[in-house]
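User: I have a model open and would like to talk through how it is put together. Could you take me through it, starting wherever you like?

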Amino acid sequence: MSVKIKLIAGSILLAGMIGLAGCSSNNEAGNSESQATAPTETAVTATSEPEVSPSSTPAETAPAATSSPTETDKDSTGSNSQNSDKQLKELLELAKKGKVPGVKYAAHTGLIDEVEADWGKPDQQESAGKGIYATYTDKHVVFGFNKGSLIFDVRSSDSTLQKLTLKQIEATLGKPDDTKVNGDDKIYTYQANDQYQLKFIIPSSTGTVDHISVFSEQDSFNNMAG
């Protein structure tokens with residue numbers, strides 16, 4: 001009887017040990033699976049973030065880089081147009097007084113004697129057309145005067161005028177009142193007022209202004225001719 005009891009007790013003890021071994025094995029397997037899946041999730045998270053931000057940055061930067069030169073060109077073109085427009089309007093206002101820029105002596109009211117007293121003798125003086133013309137080379141100015149010494153024509157070939165084109169002139173002053181051809185030159189005349197004409201002399205070879213003339217036609221006739 002005692003032998004049977006010992007056998008039964010031994011069987012129960014053995015079964016308990018086997019059960020404990022199985023539980024321990026299951027726990028280790030569960031831990032192993034948990035550890036295996038964790039790195040996979042971490043790897044996905046780590047690689048998904050960098051793909052978005054670098055790819056969007058160049059696309060946003062590129063349009064900004066290409067837009068600046070176009071805006072600059074427009075500003076530059078607009079500025080040049082405004083400058084010529086302002087310059088031509090000033091020329092017309094001066095012409096209404098018989099003057100060209102930077103010269104205080106006017107056609108119809110000025111005398112060549114006054115010019116010579118102030119500027120000295122001209123570099124060149126010759127008869128041409130309806131009067132006598134005195135050239136002051138350094139000042140880029142030529143005066144036309146009659147025998148009574150009255151100035152009837154003031155011409156300027158200042159470099160600031162020599163960038164003007166017929167297109168710019170017509171855009172501001174409209175179509176000329178008269179156009180004449182003298183050799184290679186085309187002369188575009190605007191009637192500034194009843195007294196004065198503003199003329200732009202443009203050689204065909206350059207297409208830009210060579211000089212301007214503020215002209216008093218009634219004074220060009222030699223009223224004091226003997």
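This is a predicted model: local features need pLDDT of at least 70, side-chain atom pairs count only at pLDDT 80 or more; totals for chains, interfaces and linings use all residues.

User: Which residue does E93 form a salt bridge with, and how far apart are the closest N and O atoms?

Analyst: The partner of E93 is K96, and their closest N and O atoms are 3.2 Å apart. K96 is partly exposed as well, with a relative accessible area of 34%.

User: How many salt bridges does a search of the whole structure find?

Analyst: The search finds 7 salt bridges. Among them is the one in which the side chains of D118 and K104 meet, at 3.6 Å from N to O. D118 belongs to helix α3 whereas K104 sits in the loop between α2 (53–95) and α3, so this pair ties together parts that are 14 residues apart in sequence.

User: What about D153, which side chain does it meet in a salt bridge?

Analyst: The side chain of D153 meets that of R155, with 2.8 Å from N to O. D153 is buried, at a relative accessible area of 1%, whereas R155, at 27% relative accessibility, counts as partly exposed.

User: Changing topic to the sheet: how many strands form it, and in what order?

Analyst: There are 8 strands in an open sheet, and they follow the order β1-β2-β3-β4-β8-β7-β6-β5 with antiparallel pairing. The edges are held by β1 (124–128) and β5 (178–182), each of which has a single partner strand, so one side of each is left without a neighbour in the sheet. From one strand to the next, the twist averages 20°.

User: How many bridges join β4 to β8?

Analyst: Strand β4, residues 151–156, is joined to strand β8, residues 211–215, by 4 bridges, and the two run antiparallel. Within that part of the sheet, V154 stands opposite V214 in β8.

User: Which helices lie across the strands?

Analyst: Helix α3, residues 112–119, lies across β1, β2 (131–136), β3 (141–145) and β4, and it runs at about 145° to β3. Helix α4, residues 166–173, lies across β6 (185–191) and β7 (197–203), running at about 155° to β7.

User: Let's stay with β7. How many of its residues are buried?

Analyst: Of the 7 residues of β7, 7 are buried, so the strand is largely enclosed by the rest of the structure. Q197, K199, I201 and P203 point one way from β7, while L198, F200 and I202 point the other way.

User: How does β7 pair with the strands β6 and β8?

Analyst: With β6, strand β7 pairs in the antiparallel sense over 7 bridges, and the two form a hairpin with 5 residues between them. Strand β7 also pairs with β8 in the antiparallel sense, over 5 bridges. As examples, I187 stands opposite I201 in β7, and the bridge partner of F200 in β8 is I212.

User: Where does I187 lie, and what does it touch?

Analyst: I187 lies in strand β6, and its contacts beyond four places in sequence are D178, T179, K180, N182, K199, F200 and I201. I187 and S213 are 26 residues apart in sequence, with their C-alpha atoms 9.8 Å apart in space.

User: Last topic, the largest nonpolar core: which of its residues touch the most other members?

Analyst: Of the 30 residues in that core, L91, F143, I169, L198, F200 and I212 touch the most other members. Taking L198 and setting aside its neighbours within four places in sequence, its contacts are L91, L92, A95, L173, Y188, T189, Y190, A192, I212, S213 and V214.

How values were computed
Residues are numbered from 1 along each chain as its sequence is written. Side-chain values use heavy atoms; hydrogens and water are left out. Two strands pair if DSSP finds at least two bridges between them. Axes are lines fitted to C-alpha atoms, for helices over the stretch in contact, and angles run from 0 to 180 degrees between N-to-C directions. Contact means heavy atoms within 4.5 Å. Buried means under 20% relative accessible area, exposed over 50%, partly exposed in between (1.4 Å probe, protein chains only). A nonpolar core is a set of buried Ala, Val, Leu, Ile, Met, Phe, Trp, Tyr and Cys residues joined through side-chain atoms within 4.5 Å. A salt bridge is a side-chain nitrogen of Lys or Arg within 4 Å of a carboxyl oxygen of Asp or Glu.
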